[in-house]
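Try each task before you read its solution.

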Amino acid sequence: MRHGVHDSTGTGIPELRAAAARVPAQAQPADRGRQRGAAPPGVRGEHTHGEPPIPQPRPVQRASVRGQILDALRTALVTGELTPGEVYSAPALGERFGVSATPVREAMQQLALEGAVEVVPNRGFRVVERGARELAELAEVRALIEVPVVLRLARTVPADRWAELWPLAEDTVRAASSGCRATYAESDRVFHRAVLSLSGNEQLVQIAEDLHRRSQWPLVGGPARRQRADLLADAAQHTALLEALIAHDLPTAQTLTTAHFTPTT
């Protein structure tokens, strides 16, 4: 692999190759001027009487590409395709996506802010190595935040509001049944976000989601992948929790919520 990108399999990163097919090709040089609002050939910027000025185009393409790459990199982190401890360069990853290094670098910088990677000067980005202790610490912090909030909501949110979350809980069961860690990780975050959103505290939701995302990264030296049975057991706790919340069964809700944040080994 070129540019110092490490790939122990020698065949590349499947998640990134699949994502590359979905990423729109970058604009060619001849097109970039028009994207910035330049007039087409022969027009020279004039417009006829009464014709409104040409509006500035919305700068969505670059953000869209960067966002798709960020999603693909996050998926690769969850599945372990981006190997902890390895260094990946933006130019080499850009080649895989069929884009320049710039949006890849921007996506990697966002992952650095999230704590997933760290900058290696003149080389690229190293995937952070995480151990069981860090996972346990994340679980403890998540429990300190989410358990009291859920129990408070259990006393105040009516049953019909909890029932509205059934489709999301069922989505986690379907995702777990597929055995795809990335699919389950996303549905799991969506469910937890919906529960906490009932608090009306957006800052709490954002902090909890950041902790949740970090807890989904694989461990170094630990199980490389959560088995399908583990995902199904995790998803089953969602439906059981909703049943308890709808029934206003606070002791069961507390037991299930606390158990949900106990890391499995």
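**Exercise 1: a helix pair**

α8 and α9 are roughly antiparallel to each other, because the angle between their axes is over 145 degrees. The model is predicted: local features need pLDDT of at least 70, side-chain atom pairs pLDDT 80 or more, while totals for chains, interfaces and linings use all residues. Residues are numbered from 1 along each chain, and side-chain values use heavy atoms, without hydrogens and water.

Task: At what angle do α8 and α9 pack, and how far apart are their axes?

Solution: 
- Two packed helices are described by the angle between their axes and the distance between the axes.
- Locate α8 at residues 166–178 and α9 at residues 181–197.
- The angle is about 165°, and the axes lie 8 Å apart.
- Next, find the contact (heavy atoms within 4.5 Å). On α8 it includes Leu168 and Ala175; on α9, Tyr184 and Phe191 are among its residues.
- Sort the contact by class: 8 residues are nonpolar, 4 polar and 2 charged.

**Exercise 2: a strand pair**

Task: In which sense do β2 and β3 pair, and over how many bridges?

Solution: 
- Find β2 at residues 117–120 and β3 at residues 124–127.
- They pair (at least two bridges by DSSP) in the antiparallel sense, over 4 bridges.
- Look at the turn. The hairpin has 3 residues between its strands, and Asn122 there has a positive phi of about 65°.

**Exercise 3: the whole protein**

Task: What percentage of the 265 residues is buried?

Solution: 
- Buried means under 20% relative accessible area, with a 1.4 Å probe and protein chains only.
- Buried residues make up 38%.

Terms used. Axes fitted to C-alpha atoms, helices over the stretch in contact; angles between N-to-C directions. Helix = DSSP H or I, 4+ residues; strand = E, 2+ residues; numbered from the N terminus. Parallel < 35°, antiparallel > 145°, perpendicular 65-115°, else oblique. Nonpolar A, V, L, I, M, F, W, Y, C, P; charged D, E, K, R; others polar. Buried < 20%, exposed > 50% of the residue type's maximum accessible area, 1.4 Å probe, protein only.
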